Amino acid sequence: MRNVKLYIATSLDSYIAGPNGEIDWLYTEGEFGYNAFMETVDTTLMGYETYKLIETFGDFPYKSQTNYVFTRNPNRPEAAYVQFIARDVVAFVQDLKQQAGKDIFLVGGGQINALLLEAGLIDELQVFVHPIILGKGIPMFQPTEKPHPWQLVETKTYERGLVELHYVKG
């Protein structure tokens, strides 16, 4: 069975972006194991708002992966490198995990993260905590109905105060 891995950056107060999607506070210099991580996955999952933000970066970063973008609009026009999915997210990901392939990169955002967390479909968390408090913004997870325990398997510290926390399901 394939694993779903959330590989994500957050502020100290657990925001993945500012209130309007701002990510200018993220450290962009440095590789932080990203290339090695990308070797372990062949599929990405993301919500439509996250996809729209990624489009503003210029060149689409996941061209060599199969990319699924979840949307509530079943009539989205086709787009390069992605397939829009307008059906039940949980059922789709349950089926996807059963298929052959490498692991699955959950890109985000907060709504899809919470939905898959609540369904027990996230297997690993690699969280990169940036030393900044945003005060408000888009949370890493929207509220969930129950606690979700995790087991810490590794920590790494980087210059400028960035900390990586690697968890597996507890």
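Tutor: Start with contact: heavy atoms within 4.5 Å. This is a predicted model, where local features need pLDDT of at least 70 and side-chain atom pairs count only at pLDDT 80 or more, while totals for chains, interfaces and linings use all residues. Residues are numbered from 1 along each chain as its sequence is written, and side-chain values use heavy atoms, with hydrogens and water left out.

Student: OK, contacts. Which residues does Thr71 touch, leaving out those up to four places away in sequence?

Tutor: Tyr48, Arg76, Phe84, Ile85 and Ala86.

Student: And where is Thr71 found?

Tutor: In the loop between strand S4 (66–70) and strand S5 (82–85). Strands (E, at least two residues) and helices (H or I, at least four) are DSSP runs, numbered from the N terminus.

Student: Is Thr71 buried or exposed?

Tutor: Thr71 is buried, because its relative accessible area is 8%. Buried means under 20%, exposed over 50%, and partly exposed in between, using a 1.4 Å probe and protein chains only.

Student: What polar contact does its side chain make with the side chain of Arg76?

Tutor: One of 2.9 Å. The side chain of Thr71 also reaches the backbone nitrogen of Asn73, at 3.0 Å. A polar contact is a pair of N or O atoms within 3.5 Å; within protein, one must be able to donate a hydrogen and the other to accept it, and residues adjacent in sequence count only if both atoms are side-chain atoms.

Student: How many residues line the largest pocket?

Tutor: 48, and Thr50, Leu53, Ile54, Val107 and Gly108 lie nearest its centre. Helix H2 gives the most to the lining, with six residues.

Student: How does the lining divide into nonpolar, polar and charged?

Tutor: 27 are nonpolar, 13 polar and eight charged. Ala, Val, Leu, Ile, Met, Phe, Trp, Tyr, Cys and Pro count as nonpolar, Asp, Glu, Lys and Arg as charged, and the others, Gly among them, as polar.

Student: Back to Gly108. What kind of peptide bond joins Gly108 and Gly109?

Tutor: A cis one, with omega about 15°. Gly109 sits in the loop between S6 and H4.

Student: Zoom out. How many helices and strands does the protein chain have?

Tutor: Four helices and 10 strands. The radius of gyration is 15 Å, close to the 15 Å that the globule rule gives for 170 residues, so the chain is as compact as a globular protein of that length. That radius is taken over C-alpha atoms, and the rule is 2.2 Å times the number of residues to the power 0.38.

Student: What share of the 170 residues is buried?

Tutor: 42%.

Methods: On a 1 Å grid over the protein atoms alone, a cavity is a set of points where a 1.4 Å probe fits but cannot get out, and a pocket is an open set with protein on both sides within 12 Å along at least five of seven lines; lining residues have an atom within 4 Å of a point.
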